[in-house]
Amino acid sequence: MPTALITGITGQDGLYLAELLLEKGYDVHGVIRGQNNPKRELVRRTVPDVVLHNGDLTDLSSLMRAMRDSEPDEVYNLGAVSFVAYSWENAHVTSDVTGKGVLNMLEAVRLQAGEDPGSIRFYQASSSEMFGKVQEVPQREKTLLWPRSPYAVAKVYGHYLTINYRESYGMHASSGILFNHESPRRGPEFVTRKVSRGVARIKLGLADELVMGNLDAQRDWGFAGDYVEAMWLMLQQPVADDYVVATGEMHSVRDLLDIAFAAVGIDDWAPFVRSHEAYLRPAEVDQLVGDATKAREVLGWKPRVGFHELIESMVEHDLAEQSRIARS
Ligand code: GDD
């Protein structure tokens, strides 16, 4: 039975990946940060078979301990400070966790692997945010990176360091350049979940408006459950490499609002949506859309869930959740 170690196990991707690997018969371990982490309970409830280790991406010795205690065949580094807007206010923390955290993980893997650097396979969660002020549309593995936030700069550092460790030490280190991926497990600060939850609350009479930022931003949104499969596929390849993972379809925040409000029978959302500059970013990424040809051809990966279905399922989930909360 292969063993996997996941950082960021408490997040949306960590939970989906843990479920996928358990289904495949893996022994799954996760790194969890902090004393009394409130998300520990969520992990225990969702994936009770996962073995948790205390550790912090900024603390190399804790990662080495987790590595020694779990003895993984595969390591998935999903842990990060991942909310882009937050990264301007917390640039140092973001750089330490999202950027230097990758260095700590690569070092921990390298030291654990010893004489045989390729014996532990490593996945780095790179991000389409790295394309930032996009230099071509759609974006591919070779598109020039032009990060537009402290978060994206930290991700670029982690991305190149992963490539460098592969080239310097012969490590089996792959980087997945994932475009936005969502689900009912998405944190409520991200735009899709903010909208699905807000729309559900408006429909149930629990709120009367949704305060938003830039409605013209465009993204390539897929389903997180599909994307974790691409992560696993990357580590099953004989040679490590970098892959764009995306749907190839671009939608605006306005499209997102159209679909979410239509799902609860509201065709004209203008009276319910207000813009506020507090939600605008100092530098925006306007047009992200990925070309996942390489992932399709080499990994045999393709997305299963489309944008409409994804957003409708999130609204449906939030309607049920918000009614439950309102009743209790
Ligand atoms: N969060 C948020 N809230 N975003 C808004 C809002 C709002 O009220 N109004 C408009 N937006 C716009 C943002 O300006 C951005 O252009 C877009 O919606 C998406 O924002 P997020 O959902 O916060 O995601 P993100 O694209 O910044 O980053 C996510 O995807 C990356 C992959 O490209 C995160 O998951 C990153 O960690 C990930 O790397």
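Reply: A helix, as the word is used here, is a DSSP run of at least four residues marked H or I, and helices are numbered from the N terminus. A residue belongs to the lining of a pocket if it has an atom within 4 Å of a point of that pocket. The model is predicted.

Take the second largest pocket, which has a volume of about 200 Å³. It is lined by 13 residues, and those closest to its centre are Glu141, Lys142, His159, Ile163 and Asp242. Which helix gives the largest share of this lining? It is H6, residues 150-169, with 4 residues. By type, the lining of the pocket splits into 6 charged, 5 nonpolar and 2 polar residues.

Proline 138 sits in the loop between strand S5 (121-127) and H6. The peptide bond that joins valine 137 to proline 138 is cis, and its omega is near -5°. Most peptide bonds are trans.

Helix H6 spans residues 150-169, a range that includes Tyr151, and Tyr151 is among the residues that come nearest to the ligand. A polar atom in the side chain of tyrosine 151 is 2.5 Å from a ligand oxygen. For arginine 281, an N or O atom of the side chain lies 2.6 Å from an oxygen of the ligand. Glutamate 189 uses its backbone instead: a polar atom there is 2.9 Å from a ligand nitrogen. On its own the ligand has 720 Å² of accessible area, and the protein covers 96% of it.

The shell around the ligand consists of 10 nonpolar, 7 charged and 6 polar residues. At least three residues of this shell come from each of domain 1 (3-181 + 221-245) and domain 2 (188-219 + 249-288 + 305-327).

Conventions: Residues numbered from 1 in each chain as written. Predicted model: local features only at pLDDT ≥ 70, side-chain atom pairs only at ≥ 80, totals over all residues. Heavy atoms only, no water. 1 Å grid on protein atoms, 1.4 Å probe; cavity = no way out; pocket = protein on both sides within 12 Å on 5 of 7 lines; lining within 4 Å. Points joined across faces, edges and corners; volume = space filled by probe spheres on them. Helix = DSSP H or I, 4+ residues; strand = E, 2+ residues; numbered from the N terminus. Nonpolar A, V, L, I, M, F, W, Y, C, P; charged D, E, K, R; others polar. Near = heavy atom within 4 Å. Polar contact = N/O pair within 3.5 Å; in protein donor to acceptor, adjacent residues only side chain to side chain. Areas by Shrake-Rupley, 256 points an atom, 1.4 Å probe, with all protein chains shown as cover. Domains from an automatic or database assignment.
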